[in-house]
Amino acid sequence: MFRLIRGPTPADTSSTFLSTTTLMSAFANSSHMPCPECGASVAVAKRDEHVCDPERLLDYRMFQLRDEVAGFESALRGWLESAHGRFEQWRAERERPSPGTA
Ligand SMILES: [Zn+2]
């Protein structure tokens, strides 16, 4: 059911987040709990046997980090345009070994 969190468009994010929260609270009195690592619904009795599916784990992590992921590119661009960022670009270019000397 956690596949639902992958909204087809970014505009869906806030509404799908709300429904995810509702889903989370639905687990409160259930025999299944979401895995804290991957978000998969795991039977409480079989918790020890659960192994996270790597693909689901990645999806879940990306979902948790979506704001950071979305913000990274603009943060990097902003930094590169700052005085410090421009200096670091200049220095990186300057310190790059020229071909043939390596
Ligand atoms: Zn898991």
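This is a predicted model: local features need pLDDT of at least 70, side-chain atom pairs count only at pLDDT 80 or more; totals for chains, interfaces and linings use all residues.
Is Ser30 buried or exposed? Ser30 is exposed, because 11 other C-beta atoms lie within 10 Å.

Residues are numbered from 1 along each chain as its sequence is written.

**Overall architecture and confidence**

The protein contains 4 helices and 2 strands, arranged along the sequence in the pattern α-β-β-α-α-α. Helices (H or I, at least four residues) and strands (E, at least two) are DSSP runs, numbered from the N terminus. Of the 102 residues in the protein, 4% are buried. Among contacts with a separation of 6 or more, 12% join residues 24 or more positions apart; two residues are in contact if their C-beta atoms, placed from the backbone, lie within 7 Å.

The average pLDDT of the protein is 80, and 70% of the residues score at least 70. This score is the predictor's confidence in each residue, from 0 to 100. Confidence is lowest in H1, at a mean of 55, and highest in helix H4, at 95.

Helix H3 covers residues 66–81 and spans 24 Å from its first C-alpha to its last, close to the 22 Å expected at 1.5 Å a residue. The expected span is 1.5 Å times one less than the number of residues in the helix. At Phe72, H3 bends by about 35 degrees, the bend being the angle between axes fitted to the seven residues ending there and the seven starting there. The number of buried residues among the 16 of H3 is 0, so this helix lies largely in the open. H4 has 13 residues and reaches 18 Å, close to the 18 Å expected. H4 is likewise hardly covered, with a buried count of 0.

Ser30 lies in the loop between helix H1 (13–26) and strand E1 (32–34). Pro34 is found in strand E1 and is partly exposed, with 19 other C-beta atoms within 10 Å. The table gives two C-alpha separations.

| Pair | Apart in sequence | C-alpha to C-alpha |
|---|---|---|
| Ser30 and Ala43 | 13 residues | 8.9 Å |
| Pro34 and Val44 | 10 residues | 9.2 Å |

Technical notes. A residue is buried if 20 or more other C-beta atoms lie within 10 Å of its own, exposed if 12 or fewer, and partly exposed in between; C-beta atoms are placed from the backbone.
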